[in-house]
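Here are my notes for your first look at this entry. Please keep the sequence and the 3D view open while you read.

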There are 2 protein chains.
Amino acid sequence: MELRADARHNRERIIKAAGELIAARGLDVPMAAIARRAGVGVATLYRRFPTREALMVELFHDRLAVCLAGVDAALEDPDPWRGFRTYIENLCAMNAVDRGLAAAFLTEFRGAVDFERERARAEQGFAELVRRAKAAGQLRAEFDRSDLSLILMATDGITAASAETAVAAARRLAGLMLRSFHTGPAAPLPPPAPLALYHLSVPD
Amino acid sequence: MELRADARHNRERIIKAAGELIAARGLDVPMAAIARRAGVGVATLYRRFPTREALMVELFHDRLAVCLAGVDAALEDPDPWRGFRTYIENLCAMNAVDRGLAAAFLTEFRGAVDFERERARAEQGFAELVRRAKAAGQLRAEFDRSDLSLILMATDGITAASAETAVAAARRLAGLMLRSFHTGPAAPLPPPAPLALYHLSVPD
DNA sequence: CGCTAAACGGAGAGGCCACTCCACTTGAGC
DNA sequence: GCTCAAGTGGAGTGGCCTCTCCGTTTAGCG
């Protein structure tokens, strides 16, 4: 069934608003906040996306497309290690900026078949990236598929803790990981990131 | 003012319950759940700890003591690198098991002076550990104070994502970090951890 | 235009949370 | 063992969240 023009318009505004909010504030932004930012009522939001999860699938779809594009770009690099490295670096950088990106890569949606197919494709491309870098003798054999998840989750932990310095910290983390997985001499590290502590005021 | 015997008893039960719950389920367990597990009413909990933060300070105190003890133990190791390495490894391992530990190290309590003093002491001890390991030429000069926070936050991200495999993943992460900061030849890595994806069911 | 199905928004139901109030119970000093 | 301040538990309050109901508005077709 075709959506009416105004409905289609609102749908796009919702997706845009949700994307911005999730990128900035994390996955658990209230639905009401999304609706407000999109300039629609909550009912409209729920009519278009019957559950919170449905909205997430839609959002993650775009993120996943970005990841996939990154893999393809990396595969075109004639230098397998450089391809691998810049892919990891970019992924970490994007993850630090958009707090919904890692989730797109890391959550399995039971029932969203086309989403799952696309993710499988991204994983396959990444596997090829890994294979080539290993074959070139630049990526240690120790690198495991699961290490990508490890890196992503670790970056998540950093961005969750300190949003301001997240990009710098994520960059440094990526540098550390890459150095550890690289066979060659240690590459220079991105500068340390001044990570702030959480603050808690304890009243008397 | 002295607490009555029953009150003191309940206070201890509350601390015990809160510690167990936070270790297992993270920092945001409901106060009611803590009270239930301690076998007391919520009012009792709040009478003893007027705010959630007050309870946290109490809990973090113990955790911090553990960290401090670890630093002292590490300082006694005649091999500075081994001291540094095992300290990081232990910290990551403990952090993977107790989801409140990193928070103890990473949150600043305005107004809880003795807590802050103790944390400063832990940081100082760690700085000495770093100094020695660097002086021995085993820890790269690149290691920065903030990198400890980085490691802790990264471990947090991993344990938050997948509790079951957290210890294995934390171990591997620690291995990766240490390898990256070590001057010598690459040490073997802990085995990869099979990180599960998040699951989200999307209804039709 | 005018009609109507489609789309809309806001009020509200229901759940979970932190935190409080108060009528009842009990430890411990005499 | 009496007394009563100290201690207690559970019901209640108000806030925030997800998701629904329903009276009103509007796009778009003839």
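**Notes on the structure**

1. Start with a residue in chain B. T165(B) touches A193(B), P194(B) and L195(B), leaving aside residues up to four places away in sequence. Keep in mind that this is a predicted model.

2. Where does T165(B) sit? Look in the loop between α8 (145-161) and α9 (166-181) of chain B. The side chain of T165(B) also makes a polar contact of 3.1 Å with the side chain of S162(B).

3. Is T165(B) buried or exposed? Its relative accessibility is 16%. Buried means under 20%, so T165(B) counts as buried.

4. Now turn to the two α8 helices. Helix α8 of chain A covers residues 146-161. α8(A) packs with α8(B) at an angle of about 115°, and their axes are 7 Å apart. The two helices are therefore roughly perpendicular to each other. Their crossing is right-handed.

5. Which residues make this contact? From α8(A) come L150(A), M153(A), A154(A), G157(A), I158(A) and A161(A). From α8(B) come L150(B), M153(B), A154(B), G157(B), I158(B) and A161(B). By class, the contact has 10 nonpolar residues, 2 polar ones and no charged ones.

6. Finally, step back to chain A as a whole. It has 9 helices and 2 strands. From the N terminus, the order is α-α-α-α-α-α-β-α-α-α-β. Its C-alpha atoms fill a box of roughly 60 × 55 × 25 Å along the principal axes.

7. Of the 204 residues in chain A, 50% are buried. Among contacts in chain A with a separation of 6 or more, 65% come from residues 24 or more positions apart.

Technical notes:
Residues are numbered from 1 along each chain as its sequence is written. Chains are lettered from A and ligands numbered from 1 in the order in which they are written. This is a predicted model: local features need pLDDT of at least 70, side-chain atom pairs count only at pLDDT 80 or more; totals for chains, interfaces and linings use all residues. Side-chain values use heavy atoms; hydrogens and water are left out. Helices (H or I, at least four residues) and strands (E, at least two) are DSSP runs, numbered from the N terminus. Buried means under 20% relative accessible area, exposed over 50%, partly exposed in between (1.4 Å probe, protein chains only). A polar contact is a pair of N or O atoms within 3.5 Å; within protein, one must be able to donate a hydrogen and the other to accept it, and residues adjacent in sequence count only if both atoms are side-chain atoms. Contact means heavy atoms within 4.5 Å. Axes are lines fitted to C-alpha atoms, for helices over the stretch in contact, and angles run from 0 to 180 degrees between N-to-C directions. Angles under 35 degrees count as roughly parallel, over 145 as roughly antiparallel, 65 to 115 as roughly perpendicular and the rest as oblique. A crossing is left-handed if the near helix is turned anticlockwise from the far one by less than a right angle, and right-handed if clockwise. Ala, Val, Leu, Ile, Met, Phe, Trp, Tyr, Cys and Pro count as nonpolar, Asp, Glu, Lys and Arg as charged, and the others, Gly among them, as polar.
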